[in-house]
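Please study the sequence and the structure before reading on.

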Amino acid sequence: MAERSQTAPEAGNDMGNDDAIGGNVSKYIVLPTGYCGQPKKGHLIFDACFESGNLGRVDQVSEFEYDLFIRPDTCNPRFRVWFNFTVENVKELQVREIVDVFIVGLRVIFNIVNFSKTKSLYRDGMAPMVKSTSRPKWQRLPPKNVYYYRCPDHRKNYVMSFAFCFDREEDIYQFAYCYPYTYTRFQHYLDSLQKRNMDYFFREQLGQSVQQRQLDLLTITSPDNLREGAEQKVVFITGRVHPGETPSSFVCQGIIDFLISQHPIARVLREHLVFKIAPMLNPDGVYLGNYRCSLMGFDLNRHWLDPSPWAHPTLHGVKQLIVQMYNDPKTSLEFYIDIHAHSTMMNGFMYGNIFEDEERFQRQAIFPKLLCQNAEDFSYSSTSFNRDAVKAGTGRRFLGGLLDHTSYCYTLEVSFYSYIIGGTTAAVPYTEEAYMKLGRNVARTFLDYYRLNPLVEKVAIPMPRLRKEKPPPYKHPLLRGPASNHPNGKGDKRRSVNHKDPSNPF
């Protein structure tokens, strides 16, 4: 067996000391047992030391097979799902010779051996993503090359094995659990929107993470809705509280792209509603390549009851703002939607709350029913309403108990893998575009909910307006830091700093 990557034991790791993983592999060269000398072609090099990367250890089983270990979330060994790594120094001729003589089954096999979940969409046809330097668009591997099973050789853990044939020696190949969406990509996206100077798009820094990354808050609405004394109907949307749930960011981008567009529906929505969007609640976890936790090992979506300004600063800042809006008599906080991705179910669907008031409970079902009519990939039959004790610290449950009967709080889930269109049984794998389309349909559904459809026909030909010297004053004061109290002064918007993108390992 090849020499294991040099990683320090992690305290409390429930995989045991012999399997302890303390960090990502960094340009780790796998050499055959007993080999001396310089690495040759075919001695694979694994790397996960880039933004959102995750691979903790590599063991060589044979020349054509490798056991791969996911690095657990930082400070929390319980969660091992997300992976994102590169492989280079491949030997093309070796593989081609095998194929040419029709010896089947000797392609390179990768076994990811330490998943923390037993149930997985890999059982239902899901496959890892792959791209390379010469083919930079993400693709799913063929499901026939992917196997998910309980393995007695790895303490009866569930293992996902996939076979892959490297066909270009000069390429670097990248494999991931799902389409990555990094913090840097998100910052570049917001920078590009800010440069367009749209008078209905505002960006604030609501606070900072433990590692001083930005917590961005977007406001999308007509400037008239932000003037002093104006009454507001607010829709508050959050995403990426669980950093490995990357589809959340694509759905959120679809919502944003639609709302800032010149589509007649978007223009009507901006005139009547104020959209507050915090697209990335856990920027540290996203950057580090965690699946569920923050830098300090906290599942932030279990800490809404009493978020700490130093341990959960992003959550603390968002909760402060929501409570402040709730206490403002001029503001009606009508919707809170937290966007997630689901690892065992198909389609998009929602979780809602259960109320003693039957009428309120029935009204809560209206929005998901309307969304089901607008989005072919959204399933109302999979939508459920509950008050499980284990979910008490989530945003949906906490805010559902805090806000009054005019407010509705949901978790929007979307499958990591696929959706099934009504009347069929075939699974349609999600693409980046399909995730964003779901976001666009979420935004459109507010038109139906508020019965604003007749106004769309009256919208004049769109005439984009540029922001003048200064934007209208914010209705809600900017929280300058995650630990601050409710300030009285108005905060100015901060321009984000352009970053070189470290998420591209090529």
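Q: Why is Lys-27 called partly exposed?
A: The relative accessible area of Lys-27 is 44%. Buried means under 20% relative accessible area, exposed means over 50%, and partly exposed is in between, with a 1.4 Å probe and protein chains only. Lys-27 is therefore partly exposed. This is a predicted model, in which local features need pLDDT of at least 70, side-chain atom pairs count only at pLDDT 80 or more, and totals for chains, interfaces and linings use all residues. Residues are numbered from 1 along each chain as its sequence is written, and side-chain values use heavy atoms, with hydrogens and water left out.

Q: What is noted about phi of Lys-27, and where does the residue lie?
A: Phi of Lys-27 is near 45°, a positive value in a residue other than glycine. Most residues other than glycine have a negative phi. Lys-27 is placed in the segment before strand E1 (28-29); strands (E, at least two residues) and helices (H or I, at least four) are DSSP runs, numbered from the N terminus.

Q: Is Ser-52 buried or exposed, and how do you know?
A: Ser-52 has a relative accessible area of 3% and is therefore buried. This residue sits in the loop between strand E2 (45-47) and strand E3 (57-62). Ser-52 also has a positive phi, of about 65°, although it is not a glycine.

Q: Why does His-154 count as buried?
A: His-154 has 16% relative accessibility, and therefore counts as buried. The residue is found in the loop between strand E9 (146-151) and strand E10 (157-164).

Q: Which residues does His-154 touch, not counting residues up to four places away in sequence?
A: They are Asp-67, Val-113 and Val-159. To touch is to be in contact, that is, to have heavy atoms within 4.5 Å. His-154 and Asn-114, 40 residues apart in sequence, are 7.7 Å apart in space, C-alpha to C-alpha.

Q: What makes Glu-92 count as buried?
A: The relative accessibility of Glu-92 is 15%, so the residue counts as buried. Glu-92 belongs to helix H1 (residues 92-100). Apart from residues up to four places away in sequence, Glu-92 touches Phe-166, Asp-167, Arg-168 and Glu-169.

Q: Why does Glu-413 count as buried?
A: Glu-413, in strand E19, has 8% relative accessibility and so counts as buried. Beyond its neighbours within four places in sequence, its contacts are His-340, Ala-341, His-342, Asn-347, Gly-348, Phe-349 and Tyr-351.

Q: Which residues lie nearest the centre of the largest pocket?
A: Of the 18 lining residues, Arg-292, His-342, Tyr-351, Lys-391 and Glu-413 lie nearest the centre. On a 1 Å grid over the protein atoms alone, where a 1.4 Å probe fits, a pocket is an open set of points with protein on both sides within 12 Å along at least five of seven lines; lining residues have an atom within 4 Å of a point. Strand E16 (331-342) and strand E19 (408-415) each supply at least two residues of this lining, and the largest share, three residues, comes from E16.

Q: What is the volume of the largest pocket?
A: The volume is about 320 Å³, where volume is the space filled by probe spheres set on the points, and points are joined across faces, edges and corners.

Q: What makes a set of residues a nonpolar core?
A: The members are buried Ala, Val, Leu, Ile, Met, Phe, Trp, Tyr and Cys residues joined through side-chain atoms within 4.5 Å. The largest such core has 102 residues, and Phe-446 is among those that touch the most other members. Helix H10 (residues 432-449) gives the most to this core, with eight residues. A second, separate core has 22 residues, including Leu-217 and Phe-236.

Q: Which residues of helix H4 are buried?
A: In H4 (residues 264-272), they are Ile-265, Ala-266, Arg-267, Val-268, Leu-269 and Arg-270. Their cover includes strand E13 (214-220), helix H3 (247-259) and H10.

Q: How many of the 506 residues count as buried?
A: The share for the chain is 59%.
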